[in-house]
Amino acid sequence: MSAQAATQEDLAVVIGLEVHVQLETDTKIFCGCSTDTAGAEPNTHTCPVCLGLPGALPVLNEAAVESAVKLGKAIDAEVPERTRFHRKNYFYPDLPKGFQITQYDAPICQDGSLEISHEGEKRTIGIERAHLEEDPGSLQHVGGSIDTADHVLVDYNRAGVPLMEIVTEPDFRGPGEGRAFLAKLEEVLEYLGIYDSQRDGSLRIDANISMVDAEEVGPGGAIDDRVLADANRTEVKNISSHKGAEKALAYEVTRQRNAIQRGREVEQETRHWDESRGITVSMRSKEEEKDYRYFREADLPPLEVSDWKESIPIPELPDARRDRFQAEYGLGEEAADKLTSTKQVADFFEDVAERFDPDLAATWVADDLLGELNYRDMAVTDVADRLDEFARLVEMVAEEEITEKNAREVVLRTMLDEGADPDDVREAEGLGKTSGDEVARAVEAAIEENPDAVDDYHAGDGGAINFLVGQVMQKTGGSADPADVNKLLRERLET
Ligand SMILES: Nc1ncnc2c1ncn2[C@@H]1O[C@H](COP(=O)(O)OP(=O)(O)OP(=O)(O)O)[C@@H](O)[C@H]1O
Ligand SMILES: [Mg+2]
Ligand SMILES: [Mg+2]
């Protein structure tokens with residue numbers, strides 16, 4: 001059956017991703033310019049090297065290589081003994097030298113993989129390679145978007161920021177899997193501490209999409225290399241988030257499907273994701289490898305990492321930590337997932353679990369804190385500098401200085417909404433958990449003042465106890481623990 005005659009069901013989606021990640025280093029990859037460019041005036045973090053002035057020589061940043069090796073270990077890649085750099089030639093204003101220093105035939109990471117879980121199923125996504133390169137400068141399109149702008153401004157502050165380009169096999173069979181992969185990759189990068197998710201543009205994605213005859217898909221989603229090579233694919237550039245990736249992929253899948261159903265061929269081309277319009281637009285026919293005239297970067301010697309790489313440690317990664325949390329703290333799968341979703345959350349949970357009690361810590365971090373943050377469209381990163389205060393709140397609950405209900409509904413919410421300190425909120429709201437004596441007195445008073453309810457209780461009316469609990473709660477200003485009060489009342493009424 002030819003692709004032309006295909007209907008919806010006859011087509012399988014093929015997606016491969018090229019993910020560009022900015023490595024978090026103090027200085028650029030080939031010069032000493034600071035990478036801390038947030039809010040800086042354009043073109044103020046530059047020097048002859050990253051501006052590509054004639055005669056300037058690159059010197060490789062050791063920290064960038066170390067980060068690349070860490071990533072290689074995390075994705076189970078081969079890190080060859082010797083790697084080298086190449087020049088990729090193209091003419092575009094974001095590249096002052098007219099070429100990008102990148103890696104070609106000897107990338108620092110080869111043949112890795114990452115396991116994702118999507119819609120309850122686990123899949124292993126192959127990673128063809130991950131190589132080091134320099135980030136180009138950034139362009140600002142003035143008076144329109146890329147295809148309509150009046151003119152373009154160039155900022156070379158970004159030029160030379162270390163980038164890792166991670167190239168997957170065409171292993172995704174749908175946009176959702178692509179998104180799951182990006183989330184997982186970001187998690188791993190954060191755990192490794194080599195990446196700053198908060199930095200603008202620190203993760204940028206090119207997505208390759210094609211359609212093949214569904215009959216070509218074998219067991220486990222395998223597709224023959226020849227079929228993949230023959231399929232006309234589009235490469236979508238300018239995707240900068242997981243959400244954007246899923247949307248761009250879904251758009252492109254629909255566009256290609258429609259074209260094939262109308263009997264048209266999908267053109268092999270480069271397209272641009274226009275985030276604000278939610279569409280992809282054609283940019284140019286796809287360049288081929290020979291267009292880049294790759295040749296060896298003679299200004300950088302080959303890089304030897306064979307002995308060195310063994311001495312570069314990596315921390316426990318998300319999957320391992322998830323398993324350990326389940327085994328060590330008796331967490332369910334869902335709680336373990338939530339509590340390892342970012343390193344910061346996981347570290348915070350462990351800290352609180354060790355100091356107080358794992359069950360309490362799990363509820364407080366997974367349900368209460370993350371729930372309230374989520375409700376406010378916030379993440380743990382937004383309160384990263386206040387984690388001590390949240391730990392203090394859990395301590396108050398653990399030490400029974402406050403009821404769980406008040407801790408959750410008053411203190412936690414006020415902390416988040418007003419940036420208040422937990423002890424201050426408790427004091428201001430008079431929420432100190434009432435002492436045992438005070439509760440006992442309130443129980444006595446409630447019994448004395450409500451003989452009818454006491455009679456009803458003895459006559460077997462189950463509702464009477466709730467009424468009495470309510471009376472005690474009122475007398476203690478809501479600061480007693482209702483479960484304790486219930487117990488006290490029953491004990492007292494049975495004697
Ligand atoms: N048939 C296909 N459909 C979708 N994606 C594919 C297909 N074949 C290959 N890919 C994906 O295309 C991506 C890049 O492929 P490749 O390495 O051949 O370079 P390229 O896009 O030509 O190179 P560059 O972007 O550096 O110029 C990979 O992620 C790969 O998985
Ligand atoms: Mg590249
Ligand atoms: Mg490509």
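Leaving aside its neighbours within four places in sequence, phenylalanine 181 is in contact with Leu17, Leu114, Ile116, Ile125 and Phe172, where contact requires that the C-beta atoms of two residues, placed from the backbone, lie within 7 Å. The model is predicted, so that local features need pLDDT of at least 70 and side-chain atom pairs count only at pLDDT 80 or more, while totals for chains, interfaces and linings use all residues. Residues are numbered from 1 along each chain as its sequence is written, and chains are lettered from A, with ligands numbered from 1, in the order in which they are written.

Phe181 is also among the residues with the most contacts inside the largest nonpolar core, together with Val21, Ala68, Met164 and Ala207, and this core has 62 residues. Helix α2 (residues 175–192) gives the most to this core, contributing seven residues. A second, separate core of 29 residues includes Phe325, Val365, Ile402 and Ala407. Such a core is a set of buried Ala, Val, Leu, Ile, Met, Phe, Trp, Tyr and Cys residues joined through C-beta atoms within 7 Å; a residue is buried if 20 or more other C-beta atoms, placed from the backbone, lie within 10 Å of its own, exposed if 12 or fewer, and partly exposed in between. Buried residues make up 35% of the 495 residues in the protein chain.

The secondary structure comes to 15 helices and 15 strands, which are DSSP runs numbered from the N terminus (helices H or I, at least four residues; strands E, at least two). The radius of gyration of the protein chain is 30 Å, well over the 23 Å that the globule rule gives for 495 residues, so the chain is more spread out than a compact globule; the radius is taken over C-alpha atoms, and the rule is 2.2 Å times the number of residues to the power 0.38. Along its principal axes the C-alpha trace spans about 95 × 55 × 50 Å.

An open sheet of three strands has the order β4-β3-β14, with antiparallel pairing, and its edge strands, β4 and β14, each pair on one side only. Strands count as paired if DSSP finds at least two bridges between them. Histidine 86 stands opposite threonine 102 in β4 and has arginine 296 as its bridge partner in β14.

| Strand pair | Sense | Bridges |
|---|---|---|
| β3 (residues 86–89) and β4 (residues 99–102) | antiparallel | four bridges |
| β3 and β14 (residues 295–296) | antiparallel | two bridges |

Helix α5 (residues 318–329) is followed by glycine 330, whose phi is positive, near 65 degrees.
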